[in-house]
Amino acid sequence: VQLQASGGGLVQPGGSLRLSCAATGSILSIYAMSWYRQVPGKQRELVAAITSGDSTNYADFAQGRFTISRDSAKNTVYLQMNSLKSEDTAAYYCNAKVKIIIAAPYSDYWGQGTQVTVSS
């Protein structure tokens, strides 16, 4: 299973970006997909998550500014980020809880990270 994240870049404060992450490989089912972010010297933190039933969960800092969505047919998760602030600057990682065979539990898979820089 591979997760390929894209969509990061440089944006001015107040701007928007849309991140995408596609999961490919031998996937039986995906329970949930999430976005995390990390800045150097700090722990990786959850930004938002969405389950196969479309239940969503957001970190307080993301509530009202970020929207997570998914395309289950494409095994792809999106993160629409609006009203970006300098403190949103980080490497953003996607995560998927994937079952590859019926007898196995869901396992965590991570994308390679995409850098988001918010600066004027």
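I start with a definition: buried means under 20% relative accessible area, exposed means over 50%, and partly exposed is in between, with a 1.4 Å probe and protein chains only. D54 is partly exposed, with a relative accessible area of 49%.

On the source: this is a predicted model, where local features need pLDDT of at least 70, side-chain atom pairs count only at pLDDT 80 or more, and totals for chains, interfaces and linings use all residues. Residues are numbered from 1 along each chain as its sequence is written, and side-chain values use heavy atoms, with hydrogens and water left out.

Now the salt bridges. The term means a side-chain nitrogen of Lys or Arg within 4 Å of a carboxyl oxygen of Asp or Glu. How many salt bridges does a search of the whole structure find? There are 5.

D54 forms one of them with R70, at 2.8 Å from N to O. D54 sits in the loop between β5 (45-51) and β6 (56-58) and R70 in strand β7 (residues 66-71), so the pair ties together parts 16 residues apart in sequence. Strands here are DSSP runs of E with at least two residues, numbered from the N terminus. R70 is partly exposed too, at 27% relative accessibility.

K97 and D108 also meet in a salt bridge, again 2.8 Å from N to O. K97 belongs to strand β9 and D108 to strand β10 (residues 107-110), and 11 residues separate them. Both count as partly exposed, K97 at 32% and D108 at 43%.

Next, D88 and R37: are they buried or exposed? D88 is buried at 1% relative accessibility, and R37 is buried at 7%. Their salt bridge has its closest N and O atoms 2.9 Å apart.

Last, strand β8. Of its 6 residues, 5 are buried. Which strands does β8 pair with? Pairing requires at least two DSSP bridges between two strands. Strand β3 (residues 17-24) runs antiparallel to β8 and is joined to it by 6 bridges; there, S20 has Y78 as its bridge partner. β7 is also antiparallel to β8, with 6 bridges, and F66 stands opposite M81. The hairpin of β7 and β8 has 4 residues between the strands, and N75 takes a positive phi near 50 degrees.
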